[in-house]
Amino acid sequence: MELKRVVVTGLGAVTPLGNDVPSTWDAMLRGVSGSAPITHFDAALFKTRFACEVKNFDAEQLLDKKEARRLDPFVHYALFAAQEAMDDSALNLNVEDKDRMGCIWASGMGGLRSFQECVEEFMSGDGTPRFNPFIIPKIITDIAAGHISIRFGLRGPNYATTSACASSAHAIADAFDLIRLGKADVMVTGGSEAAIEYTGVGGFNAMHALSTRNDSPATASRPFSKSRDGFVLGEGAAALVLEEYEHALARGAKIYAELSGAALNADAYHITAPEPDGIGAARVMQLAIEDAGLQPADIDYINAHGTSTPLGDIAEIKGIITVFAEHAKQMNISSTKSMTGHLLGATGALEAIATVLSVHNDIVPPTINHADDDVDEQIPEWLNLTFNHAQRRTINFAISNAFGFGGHNACLVFSKI
């Protein structure tokens with residue numbers, strides 16, 4: 001069968017850099033860090049005392065007080081991002097066939113804060129099992145997808161994807177497939193996370209996954225630099241409206257870019273460490289490029305997974321060199337996690353937005369926090385990692401990588417239209 005084309009017609013975000021897409025994108029291009037001392041809880045005794053928190057966020061700007069209390073922050077963020085994306089798409093829900101509209105939404109951790117509060121309340125009591133009747137709907141990872149579908153009346157495919165840090169890239173890939181196979185006309189997709197809590201920070205600390213650069217939070221996320229010592233935990237949400245191309249044309253929609261290819265695979269190597277030579281990363285990039293009908297030499301920009309971990313960054317670079325060989329010298333590569341931190345299950349969607357806007361605007365956001373005397377000898381100096389400053393260039397084709405604990409790999413290809 002002939003596959004349908006899929007385009008991006010709406011974007012929404014709540015991030016450590018801003019509570020909408022324009023402010024987030026502006027901060028990215030200016031190289032602003034969203035990292036600062038933790039305010040969500042007292043982190044004085046933790047190894048890591050900073051994170052990329054969402055700032056100045058008020059759920060009651062969209063939800064009434066009663067509704068807001070019944071939802072975990074990861075759902076608050078999801079609803080705000082989805083609302084912005086739907087508004088941006090200018091879809092008229094009064095005339096659309098909502099049976100042909102759906103939502104696939106991701107989260108790696110779900111309602112972590114609500115679960116933590118529930119356990120604390122139980123343990124501080126007399127042992128009588130009294131629980132909030134909303135606790136289960138507050139914590140399950142699929143609930144954001146349900147709330148989004150209810151809010152907009154979307155009666156098409158509706159579910160959640162969970163694959164750690166690849167979760168929302170998987171959601172986007174699934175939504176893409178549903179549209180190009182003709183099973184939906186419009187899909188709201190993305191992911192949200194709110195894991196900057198005792199359990200999230202403490203758990204990642206125990207794994208030695210987080211940076212402990214407490215004396216300089218703003219410079220702690222430094223992908224591809226020799227002194228990198230772990231990722232910076234982030235939170236927030238990112239949403240995209242994907243739409244069948246002819247459907248978008250028929251209603252005169254604004255189109256940001258085309259989603260032209262996607263691929264998913266596994267390292268099948270280790271629960272937390274990447275395959276050292278980047279074999280899985282290389283394979284998923286190659287498959288995504290082939291799915292888009294392109295060649296590696298067509299790609300102008302890679303929004304790297306680039307977490308700022310010692311093992312992960314090198315594995316990804318090795319995978320890039322395997323796929324692109326000499327053409328790697330002609331591309332831009334950057335990691336926007338240097339500014340946003342790592343949004344776990346939401347990171348794939350946020351970086352997809354950054355990639356879409358790069359293609360749409362012909363500009364590459366930077367990898368910040370790199371010093372000339374902090375070069376990792378394992379990374380070829382001829383790679384253009386877009387250090388410290390955004391770079392303008394023509395971007396016809398770009399890819400966004402997302403890799404998750406468990407060996408989950410995803411790659412999305414976006415094209416100028």
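Start your tour by selecting Thr336: leaving aside residues up to four places away in sequence, Thr336 touches Met28, Asn303, Glu351, Ala354 and Pro365. Touching, or contact, here means heavy atoms within 4.5 Å. You'll find Thr336 in the loop between S10 and helix H12 (337-340). Thr336 counts as buried because its relative accessibility is 1%. The cut-offs are under 20% relative accessible area for buried, over 50% for exposed, and partly exposed in between (1.4 Å probe, protein chains only).

Before you click on, keep in mind that this is a predicted model, where local features need pLDDT of at least 70 and side-chain atom pairs count only at pLDDT 80 or more, while totals for chains, interfaces and linings use all residues. Residues are numbered from 1 along each chain as its sequence is written, and side-chain values use heavy atoms, with hydrogens and water left out.

**Next stop: the sheet**

Switch to a cartoon view and look for an open sheet of ten strands, in the order S5-S4-S6-S7-S1-S8-S14-S13-S9-S10, with mixed pairing. Helices (H or I, at least four residues) and strands (E, at least two) are DSSP runs, numbered from the N terminus. Two strands pair if DSSP finds at least two bridges between them. Which strands are at the edges? Select strand S5 (158-161) and strand S10 (332-334), each of which pairs on one side only.

Now zoom in on S10. Three bridges join S10 to strand S9 (residues 301-303), and the two run parallel. Pick Tyr301 and you can look for its bridge partner in S10, Asn332.

**Helices on the sheet**

Select helix H6 (residues 143-152), which lies across strand S4 (101-106), S5 and strand S6 (186-193), running at about 155° to S4. Angles run from 0 to 180 degrees between N-to-C directions, using axes fitted to C-alpha atoms, for helices over the stretch in contact. Then bring up helix H10 (residues 279-291), which packs on the sheet and touches strand S8 (257-266), strand S13 (397-404) and strand S14 (408-415). The direction of H10 makes about 145° with that of S8.

**Charged pairs**

Time for side chains. How many salt bridges are there? The count comes to 20, where a salt bridge is a side-chain nitrogen of Lys or Arg within 4 Å of a carboxyl oxygen of Asp or Glu.

Select Asp88 and Lys254, whose side chains meet in a salt bridge (2.6 Å, N to O). Asp88 sits in helix H3 (residues 73-89) and Lys254 in the loop between helix H9 (245-250) and S8, so this pair ties together parts that are 166 residues apart in sequence. Asp88 is partly exposed, at 21% relative accessible area, and Lys254 is partly exposed too, at 38%.

Now select Arg228: is it buried or exposed? Arg228 is buried, with a relative accessible area of 7%. The side chain of Arg228 meets that of Asp376 in a salt bridge (2.7 Å, N to O). That pair links distant parts of the chain, 148 residues apart: Asp376 is in the loop between strand S11 (363-364) and strand S12 (391-392), and Arg228 is in the loop between H8 and S7. Arg228 also meets Asp313 in a salt bridge (3.4 Å, N to O). Asp313 belongs to helix H11 (residues 310-324), and counts as buried because its relative accessibility is 0%.
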